[in-house]
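Q: I would like to learn how to read a contact surface in a model. Could you take me through one, please?

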Number of protein chains: 2
Amino acid sequence: MERSAVRVTVDIVIFSIREDALQVLLIRRKYDPFRGRWAIPGGFVLDRESLEQAALRELREETGVEDVYLEQLYSFGDPDRDPRGRVITVAYFALISSAQALRPGTDAEEAQWFPFSKLPPLAFDHRKILEYALVRLRNKLEYTTVGFQLLPEKFSLSDLQRVYEVILDKKLDKRNFRRKMDLLGILRPLREWRRQGVSRPARLYRFSAHRFERLRDKGILFPF
Amino acid sequence: MERSAVRVTVDIVIFSIREDALQVLLIRRKYDPFRGRWAIPGGFVLDRESLEQAALRELREETGVEDVYLEQLYSFGDPDRDPRGRVITVAYFALISSAQALRPGTDAEEAQWFPFSKLPPLAFDHRKILEYALVRLRNKLEYTTVGFQLLPEKFSLSDLQRVYEVILDKKLDKRNFRRKMDLLGILRPLREWRRQGVSRPARLYRFSAHRFERLRDKGILFPF
DNA sequence: ACAAAAGTGTTCGATATACACCCATGT
DNA sequence: ACATGGGTGTATATCGAACACTTTTGT
């Protein structure tokens with residue numbers, strides 16, 4: 001068998017809802033190739049770590065956050081995707097709660113949130129990766145509970161609906177949305193309300209993980 | 001940045017319906033590690049080929065078939081998954097029509113179909129890969145048209161139903177199944193019938209690709 | 001009183017499920 | 001005539017989509 005002179009990276013599409021928009025975290029490249037361009041955070045897989053560990057490490061280095069939803073997206077391996085040589089990347093996507101503050105630019109890299117609808121020119125094939133990540137996120141939103149990963153622990157139903165609306169990029173009907181969430185049976189209402197400026201206070205809810213497990217057991221979700 | 005001393009393979013889970021069962025093609029390893037064990041066909045990615053090209057090449061080498069449904073499954077990169085060192089594999093799955101004959105054991109490798117329900121002990125983490133492939137195949141079956149890829153060009157509705165039944169491992173109602181297929185609007189009835197032994201001849205159908213494209217455009221499918 | 005967001009039910013069409021008998025053919 | 005698989009319709013339950021007004025609060 002032939003040896004393959006290949007290097008492997010992980011790249012992580014980091015989504016968050018900020019300022020009522022779906023945003024992704026990008027870093028500005030300091031070196032060639034694509035110096036000055038924006039890129040998805042990532043880096044080489046180290047010798048003794050799994051792909052997921054590598055993704056978590058990069059995520060920690062880039063943002064300082066630890067507890068996030070992380071899912072493998074797809075592997076991209078066009079021979080010409082990196083001008084430096086043969087580099088295959090395993091792309092992940094991560095969801096960060098809008099409450100989580102990032103430790104800014106830890107390894108002296110310029111990092112910045114961009115609304116998905118206003119992406120700058122990107123390095124490598126990162127535009128393609130981002131677009132596929134959005135497709136997956138939208139699909140997952142419809143048949144799983146990933147949406148909750150983008151919210152803080154306590155949230156109102158309007159918060160939740162806004163998450164769905166900005167990701168799917170369409171208005172949803174409030175009554176239908178609430179009924180659906182209610183039927184899912186994974187929301188625990190709290191005895192807490194939150195005043196949002198000048199109007200009626202909104203009841204807060206918590207995502208009920210253990211009811212969610214039953215859904216998982218019914219095979220609605222995925223094994224990794 | 002650190003170099004990663006990694007090699008990359010593609011492995012292909014090859015599904016087919018044979019003898020009214022879902023089967024996978026395995027090859028017997030001739031060399032260590034895991035000499036004598038059965039394994040999913042695969043091999044190293046070459047310098048100038050994409051991941052998909054590598055998968056297609058392995059598929060051709062292993063089976064002689066060219067026109068198949070091929071989809072990337074998942075990348076597996078546990079540091080200890082291969083005793084020879086760091087090998088990351090990008091797993092694909094392929095669907096082969098039951099009509100397609102394989103060029104047998106071309107590169108002097110012993111290849112054999114195994115019913116999914118009677119898998120032998122497998123090399124590496126290939127058992128895990130196979131199990132995930134089945135989960136994906138089942139999911140895809142429900143919201144896409146991959147099922148047709150397992151049939152020859154002309155098929156009866158009973159043939160089609162059998163595909164669904166053996167993959168999902170449950171009996172389906174004939175009338176409901178036919179109505180659903182009819183509503184999908186992707187079957188073209190032919191003026192041809194086939195006698196199956198001693199009973200009434202079954203009408204044959206053809207999968208209508210161009211109607212299918214409309215479904216694809218509606219975003220029901222995936223980009224790769 | 002009014003502005004702003006929270007909250008709440010009903011109707012309708014589409015889709016999924018359950019269920020049983022007749023038909024065409026070869027032996 | 002019978003054994004074998006092919007073919008067909010109806011009734012019910014469930015789910016998603018459309019749609020408008022009242023409530024609570026701060027100013």
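Q: How many residue pairs are in polar contact between chain B and chain A?
A: A polar contact is a pair of N or O atoms within 3.5 Å; within protein, one must be able to donate a hydrogen and the other to accept it, and residues adjacent in sequence count only if both atoms are side-chain atoms. Between chain B and chain A there are nine such residue pairs, both residues at pLDDT 80 or more. This is a predicted model, where local features need pLDDT of at least 70 and side-chain atom pairs pLDDT 80 or more, while totals for chains, interfaces and linings use all residues. Side-chain values use heavy atoms, without hydrogens and water, and residues are numbered from 1 along each chain.

Q: Which side chains meet in a salt bridge?
A: A salt bridge puts a side-chain nitrogen of Lys or Arg within 4 Å of a carboxyl oxygen of Asp or Glu. A:Arg48 and B:Asp80 form one, at 3.1 Å from N to O; the rule finds two across the interface of chain B and chain A.

Q: And what does the side chain of B:Arg175 approach on DNA strand C?
A: An N or O atom of that side chain is 3.3 Å from a base nitrogen. B:Arg200 has a polar side-chain atom 3.2 Å from a base oxygen of DNA strand C, whereas the side chain of A:Arg178 places an N or O atom 3.2 Å from a phosphate oxygen.

Note on methods:
Chains are lettered from A and ligands numbered from 1 in the order in which they are written.
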